[in-house]
Amino acid sequence: MKATSVVSGTAVPLDRSDVDTDQIIPSDWLKQVSRTGFEKGLFSEWRDNRDFVLNDERHAGASILLAGINFGTGSSREHAVWALQQYGFDAVVSPRFADIFRNNCTKNGLVPAQIPAEAAAELMAAVQADPDLEITVDVTRCTVEAPAIGFEASFPLEAATRQRLIEGLDDISMTLRHTAAIDDYESRRPPWLPAAG
């Protein structure tokens, strides 16, 4: 997983609440056997509407998704996170995330920045008024900023989760940090126990 300490760029203002994982990546896209190509299915049922915000060329190349309250509800599919990342988003800003979705984000390197509802509404309005507004999501400081309009809001992130994002550590990488201890244990394991692996 890629290390992320700061995400800077423009944002897509998805002004919808209660967006569930089936809307993020419809179930038809879950039949793939590889972990690539999910960006094509991102919000695919909404993208048929040419007025949908992702079809607005002014937001092309945005690295941040501004979402409404209660983003990522529904099933626990990691595919939703993969689709957002493969489309080009490195962070999602919302007043509230579903717990499982938020956890999937941090385990895959997508930054979930949960800011107060009033701050999220202010930022949403600012981006809708100016699609070129530069936003910074700082994982180290746990802040979302838009310096051009004097905006700053904090978001919660446990110390271990913050470190995991900054260092780019997925679950396997975290386990591999203990290779010496694992090897030491295996070398001392009684021979009558089943072999590892």
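This is a predicted model: local features need pLDDT of at least 70, side-chain atom pairs count only at pLDDT 80 or more; totals for chains, interfaces and linings use all residues.
Helix α3 covers residues 79-87 and helix α4 covers residues 99-108. Their axes lie 9 Å apart, and the two helices pack at an angle of about 55 degrees. The crossing of α3 past α4 is right-handed.

On the α3 side, the contact is made by A80, V81, W82, L84 and Q85; on the α4 side, by F101, N104, C105 and N108. Of the residues in this contact, 6 are nonpolar and 3 are polar, while no charged residue takes part.

**The strands around β7**

Strand β7 spans residues 143-146. T143 and E145 point one way from β7, whereas V144 and A146 point the other way. All of these residues are buried.

β7 pairs with strand β6 (residues 135-138) and with strand β8 (residues 151-154). Both pairings are antiparallel. The table sets out the two pairs.

| Pair | Bridges | Opposite residues | Residues between strands | Turn residue with positive phi |
|---|---|---|---|---|
| β6 and β7 | 3 bridges | T136 and E145 | 4 residues | C142, about 55 degrees |
| β7 and β8 | 4 bridges | A146 and F151 | 4 residues | G150, about 70 degrees |

Each pair forms a hairpin: β6 with β7, and β7 with β8.

Conventions: Residues are numbered from 1 along each chain as its sequence is written. Side-chain values use heavy atoms; hydrogens and water are left out. Axes are lines fitted to C-alpha atoms, for helices over the stretch in contact, and angles run from 0 to 180 degrees between N-to-C directions. A crossing is left-handed if the near helix is turned anticlockwise from the far one by less than a right angle, and right-handed if clockwise. Contact means heavy atoms within 4.5 Å. Ala, Val, Leu, Ile, Met, Phe, Trp, Tyr, Cys and Pro count as nonpolar, Asp, Glu, Lys and Arg as charged, and the others, Gly among them, as polar. Buried means under 20% relative accessible area, exposed over 50%, partly exposed in between (1.4 Å probe, protein chains only). Two strands pair if DSSP finds at least two bridges between them.
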